[in-house]
Amino acid sequence: MKIQFTEAQRALRDELRAYFSQMMTPELRAECERDMGEGGGPLWREALARMGRDGWIGLGWPEEYGGRSLSPLEQFVFVEEVMRAGYPFPFLTTESVGPTLAEHGNDWIREHIVPAILAGELLVSIGYSEPAAGTDLAALQTTAVRDGDDWIINGQKMWTSLAHFCDYTWLAVRTDPDAPKKHKGITMFLVPNSDPGWSCTPVHTLGGVRTNATFYDNIRVGDDHRVGEVNGGWKLITSQLNRERLSLINFGPISELFNRVVQWARETTLPGGAAVASQPWVQANFARCRTLIECMKLIVYKQSWAMTEGTLGMADASAAKVYGSEGFIEVYRYLGEVVGQAGLLRSDSAGADALAGKIERLYRTSSIITFGGGTNEIQRDIISAAGLWMPRASR
Ligand SMILES: Cc1cc2nc3c(=O)[nH]c(=O)nc-3n(C[C@H](O)[C@H](O)[C@H](O)COP(=O)(O)OP(=O)(O)OC[C@H]3O[C@@H](n4cnc5c(N)ncnc54)[C@H](O)[C@@H]3O)c2cc1C
C-alpha cells in the first residue's frame, strides 16, 4: 500500500502555506488571539472575504456552486493549512452546514446562500441543542407553524456557538408535534440572525470560549427558508453531523504547536546547561505526541479520500471524532508537562509565557470537542452498532 499526496497536491500545500504566511499579519494574529481563537473581528472578516475572492474556500466544491471541483482531499489540505497558520477558519459553515445546504437547498439557497458562503461573506451558526434536548436531540421543542405561505418560529436554543457574529442559524424545529416517532416531526430552516425576533445572550465557558443561548420570538420566514422536506430534517441533521465530526479533527494547529514546543525544548537550557529536549521523559512525551498526531492524520486523510469515493460511513466519522478529540487533550497534556509550571499560567497573567500560555488555553478548551457534535459516549455507541454491528444499547 502506498499512501502519499500527488505532486499537484504537494504543490498546492506549498502554495497555500506561502499564501497564509503572507495573509497572517501581526495585526490579524493579535485580533484572533484577542477573540480567543474564534474569529469574528473586522480583520478576520476581511481575510475571509479575501480567501473567498481568491477562490480558496470552495476549492473542493463543484463548479456549479462556484467551487473549483477539486476533491475533498484538496479541500481538507486547504482547511488544514489555513488553521495551521493560526486563522480560526469557520469550518462549521464551510465544511459541514454549507455542503448540506448545497446538496439539499432549494433554488434560493443555492443561488444566494451557497455562493455567499464560498465568497466568505456569510456565516451560519448551528441551532440544534435546547435546554431539554442535547443527546436526545429529537426531544427538541422549538416550533415552526405554517401561516399561509410563511412559517412562524418560536423557541429557545442553547449553546448556539458563534451565533453572535453569524448571519443565519441552521435551525432544527418541530413541525409535527404528533409524529409517531419524535425524530420524524423535525424540519430544518435557515433563520436570519438579523430578524428583530432573534436575540442571543452570551454563555462564557471554562475554556474562555463564548457560546450563546438564542431566542426565536415569532420569527416569520418564507417557505424558501426551509431546507429539505417538511418533517424530513433528521436526515439532514445526521448528514451535517457526520461532516462536522470529521471537520472537528483538524490537526493543523496542534501539529504547528507541537513543532514549536519541540523547537523550544531544543533551544532552552536547564540550569546545568543541558537542553530541555535532552531529557528522556521529554523525548518520550514528544514521541507520544508525534504518534497521536500521525495517527490522526492517517485517519482523517483516509476519510477525506472516502468522501471523494462517496463511501464515508457514520461509524468512521465517529471514530475520527473520538480518537482525535481525546488525542488533542493528551497532546496538550504532554506538551504542558514539557513547558512545566509556565503551562499552568493563563497568557494574560503577570509573567506568563506566550507559548506556554497558548498550551494552557488550548488544554482548557480542548474538552469541548469531546461533546461538541455529539458526546463521545454516544459516538462509541454508534461505532459499536454501525461499525461493528453489535446489538444497540437498550437505554
Ligand atoms: C461550548 C459548547 C459549544 C456547543 N456548541 C453547540 C452549537 O453550536 N450548536 C448546538 O446545537 N449545540 C452545541 N453544543 C451542545 C452540545 O452538542 C451538547 O452539549 C451535546 O450534544 C450534549 O448534550 P447535553 O449537553 O444536553 O448533555 P446530555 O445529553 O445531558 O448528556 C450528559 C451526559 O450523559 C450522557 N448521555 C446522555 N444520554 C445518554 C445515553 N442515551 N446513553 C449514554 N450516555 C448518555 C452523555 O454522553 C453525557 O456524558 C455546544 C456545547 C458546548 C458546551
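Helix 8 passes helix 11 in a left-handed crossing, meaning that the near helix is turned anticlockwise from the far one by less than a right angle (clockwise would be right-handed). The model behind this is a predicted one, in which local features need pLDDT of at least 70 and side-chain atom pairs count only at pLDDT 80 or more, while totals for chains, interfaces and linings use all residues. Residues are numbered from 1 along each chain as its sequence is written, and side-chain values use heavy atoms, with hydrogens and water left out. Helices here are DSSP runs of H or I with at least four residues, strands are runs of E with at least two, and numbering starts from the N terminus.

Two packed helices are described by the angle between their axes and the distance between the axes. For helix 8 and helix 11 (residues 354-365), the axes come within 11 Å and cross at roughly 140°. Axes are lines fitted to C-alpha atoms, for helices over the stretch in contact, with angles running from 0 to 180 degrees between N-to-C directions. That angle makes helix 8 oblique to helix 11; under 35 degrees counts as roughly parallel, over 145 as roughly antiparallel, 65 to 115 as roughly perpendicular and the rest as oblique. On the helix 8 side, Leu257, Arg260, Val261 and Trp264 meet Leu355, Lys358, Ile359 and Leu362 of helix 11, where contact means heavy atoms within 4.5 Å. Sorted by class, this contact has 6 nonpolar, no polar and 2 charged residues. (Ala, Val, Leu, Ile, Met, Phe, Trp, Tyr, Cys and Pro count as nonpolar, Asp, Glu, Lys and Arg as charged, and the others, Gly among them, as polar.)

Now for helix 10. The axes of helix 8 (residues 252-267) and helix 10 (residues 314-339) come within 11 Å and cross at roughly 20°, so the two are roughly parallel to each other. Their crossing is left-handed. Helix 8 contributes Ile254, Leu257, Phe258, Val261, Trp264 and Ala265, and helix 10 brings Phe328, Val331, Tyr332, Leu335, Val338 and Val339. The tally for this contact is 12 nonpolar, no polar and no charged residues.

Helix 10 also holds Ile329, which is partly exposed at 22% relative accessible area (buried is under 20%, exposed over 50%, partly exposed in between, using a 1.4 Å probe and protein chains only). Its C-alpha atom is separated by 6.2 Å from that of Tyr363, 34 residues apart along the chain. Leaving aside neighbours within four places in sequence, Ile329 touches Tyr363, Ser366, Ser367 and Thr370.
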